[in-house]
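Please look at the sequence and the structure first.

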Amino acid sequence: MTAGDQGVQGAERTLGQLVASATAEMSALVHDEIALAKVEIKQDVKRAGIGSGAAIVAGVLVLFSLPVLSFAAAYGIHNLGLGLAWSFLIVGGAFWLLAGLVGLLAVVKFKKVKPPVKTIESVKQTAALVGTVKPHARPLSDKALGVARSSS
């Protein structure tokens, strides 16, 4: 079989073959889009996980600061000779500062979470391409003309 014969056969594919080919290509395209979305979302889930962990740590530090402030007041007076108010302010301020820094880390991580931009762009391009595709005009065979005449 020559290359010319193959070109003629390719041009004379049946409707079933064309539909099967189009279905296989669309299936591969959808699988590729899903794989791209998975990669992008996996990255964003990791960032969101780190941001959530940092926010939880900040919350725990704020909650733990309350009993620590009580102990700091009791032992601060005894060990450092400071007044009760200074003990509360120093220890409480240090924990609030630490909680603020961890909370800032959480905000930075959350700002890096974005939608799957590459996937969205790829899907838009695919939709635009599929929307512009029009069926090719095929020459009518003698059989088709006979059917057309008999049905009119």
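At 1.5 Å a residue, the 28 residues of H3 should span 40 Å, and the 41 Å between its end C-alpha atoms agrees with this; the expected span of a helix is taken as 1.5 Å times one less than its number of residues. Helices (H or I, at least four residues) and strands (E, at least two) are DSSP runs, numbered from the N terminus. This is a predicted model, in which local features need pLDDT of at least 70 and side-chain atom pairs count only at pLDDT 80 or more, while totals for chains, interfaces and linings use all residues. Residues are numbered from 1 along each chain as its sequence is written, and side-chain values use heavy atoms, with hydrogens and water left out.

**Overall composition**

- The chain has five helices and zero strands, and reads α-α-α-α-α along the sequence.
- Of the 152 residues in the chain, 14% are buried (buried means under 20% relative accessible area, exposed over 50%, partly exposed in between, with a 1.4 Å probe and protein chains only).
- The accessible surface of the chain is about 11,800 Å², and carbon and sulfur atoms account for 71% of that area; accessible areas come from the Shrake-Rupley method with a 1.4 Å probe, and for residues only the protein chains shown count as cover.
- Among contacts between residues at least 6 apart in sequence, 72% join residues at least 24 apart, where contact means heavy atoms within 4.5 Å.

- The buried residues of H3 are Ser 87, Gly 92, Ala 99, Val 102 and Ala 106.
- The largest nonpolar core has six residues: Ala 54, Ala 58, Leu 61, Ala 99, Val 102 and Ala 106.
- H2 and H3 each supply at least two residues of this core.
- A nonpolar core is defined as a set of buried Ala, Val, Leu, Ile, Met, Phe, Trp, Tyr and Cys residues joined through side-chain atoms within 4.5 Å.
- Leaving aside neighbours within four places in sequence, Ala 58 is in contact with Ala 99, Val 102 and Gly 103.

- Ser 65 is in helix H2, which covers residues 15-80.
- Ser 65 counts as buried because its relative accessibility is 1%.
- Beyond neighbours within four places in sequence, Ser 65 is in contact with Phe 95 and Trp 96.
- Leu 105 lies in helix H3, residues 84-111, and at 41% relative accessibility Leu 105 counts as partly exposed.
- The C-alpha atoms of Leu 105 and Ile 50 are 9.1 Å apart in space, with the two residues 55 apart in sequence.

**Salt bridge**

- Side chains of opposite charge can pair when their charged atoms come close.
- The count of salt bridges comes to one, a salt bridge being a side-chain nitrogen of Lys or Arg within 4 Å of a carboxyl oxygen of Asp or Glu.
- The side chains of Arg 47 and Asp 44 meet in a salt bridge at 3.1 Å, N to O.
- Both Arg 47 and Asp 44 lie in helix H2, three residues apart, about one turn of the helix.
- An α-helix has 3.6 residues a turn, so residues three or four places apart point the same way.
- Arg 47 is partly exposed, with a relative accessible area of 31%, whereas Asp 44 is buried at 12%.
- Not counting residues up to four places away in sequence, Arg 47 touches Lys 109, Lys 112 and Val 113.
- Arg 47 and Val 113 are 66 residues apart along the chain, and their C-alpha atoms are separated by 6.4 Å.
- With neighbours within four places in sequence left aside, Asp 44 is in contact with Lys 112, Val 113, Lys 114 and Pro 115.

**Nonpolar surface patch**

- Leu 80, Leu 82, Trp 86, Leu 89 and Ile 90 form a nonpolar patch on the surface, with about 560 Å² of accessible area together.
- Patches are made of residues with over 30% relative accessible area and no salt bridge; like charges are joined within 9 Å and nonpolar side chains (Val, Leu, Ile, Met, Phe, Trp, Tyr) within 5 Å.
- H3 gives the most to the nonpolar patch, with three residues.
- Trp 86 lies in helix H3 and is exposed, with a relative accessible area of 56%.
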